[in-house]
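Here is a friendly walk through one model. Have the sequence and the coordinates open as you read.

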Amino acid sequence: MTSLKWNRIVAKVYSGLLICFFSFFCQTSPNSNNRSSDLLISDDRANLLWDQKCAVCHGVDGTPKDSVLTKPRKLRGFGIKMGFFFGGDKMREGIFKTIRDGKNQTMPSFKEELSEEEIRALVRRIERF
């Protein structure tokens with residue numbers, strides 16, 4: 001491979017990385033004005049909510065138990081971290097909606113049990129895995 005071709009490949013890789021980082025740091029959230037209220041729920045309270053509402057199916061550490069018949073999504077590991085990294089607010093909103101509204105017949109809706117701030121605290125909790 002010639003030096004010129006190699007330089008072009010390296011330039012394309014760097015350009016791609018710059019675009020990814022630029023888009024990541026320049027994301028805006030449709031709910032960015034609500035961010036201060038998200039912090040009203042402490043991490044300790046979010047941990048308690050996780051233990052009470054989520055750990056039964058999703059496991060204490062975000063890895064579902066083998067004994068659960070309908071296996072829920074694994075919420076820890078490289079894939080979910082990359083989703084938060086590249087998906088940012090879109091990923092957070094998707095998880096928020098799933099917790100609030102439920103999914104299919106297996107994931108219940110928590111909109112009657114949890115406030116918006118509590119659900120957002122759970123999303124932050126999932127992001128920490």
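The side chains of Glu-113 and Lys-53 meet in a salt bridge, 2.7 Å from N to O (a side-chain nitrogen of Lys or Arg within 4 Å of a carboxyl oxygen of Asp or Glu). This pair joins distant parts of the chain, with Glu-113 in the loop between α4 and α5 and Lys-53 in helix α3, 60 residues apart. Glu-113 counts as partly exposed because its relative accessibility is 47%, and Lys-53, at 29%, is partly exposed too. Here buried means under 20% relative accessible area, exposed over 50%, and partly exposed in between, with a 1.4 Å probe and protein chains only.

A word on the source: this is a predicted model, in which local features need pLDDT of at least 70 and side-chain atom pairs count only at pLDDT 80 or more, while totals for chains, interfaces and linings use all residues. Residues are numbered from 1 along each chain as its sequence is written, and side-chain values use heavy atoms, with hydrogens and water left out.

The structure holds eight salt bridges; three of them are set out here.

| Pair | N to O distance |
|---|---|
| Glu-113 and Lys-53 | 2.7 Å |
| Arg-128 and Asp-43 | 3.1 Å |
| Glu-93 and Arg-120 | 2.8 Å |

Arg-128 and Asp-43 pair through their side chains, and they lie 85 residues apart, Arg-128 in the segment after α5 (116-127) and Asp-43 in helix α3. Arg-128 is partly exposed at 39% relative accessibility, as is Asp-43 at 40%. Glu-93 bridges to Arg-120, which ties helix α4 to helix α5 across 27 residues. Both Glu-93 and Arg-120 are buried. Salt bridges also link Asp-89, Arg-92 and Glu-127 in a network.

As for the fold, the protein chain has five helices and zero strands (DSSP runs numbered from the N terminus: helices H or I of at least four residues, strands E of at least two). Buried residues account for 30% of the 129 residues in the protein chain.

On the surface, Trp-6, Ile-9 and Val-13 form a nonpolar patch with about 300 Å² of accessible area together. Such patches take residues with over 30% relative accessible area and no salt bridge, joining nonpolar side chains (Val, Leu, Ile, Met, Phe, Trp, Tyr) within 5 Å and like charges within 9 Å; the areas come from the Shrake-Rupley method with a 1.4 Å probe, and for residues only the protein chains shown count as cover. Trp-6 belongs to helix α1 (residues 3-25).
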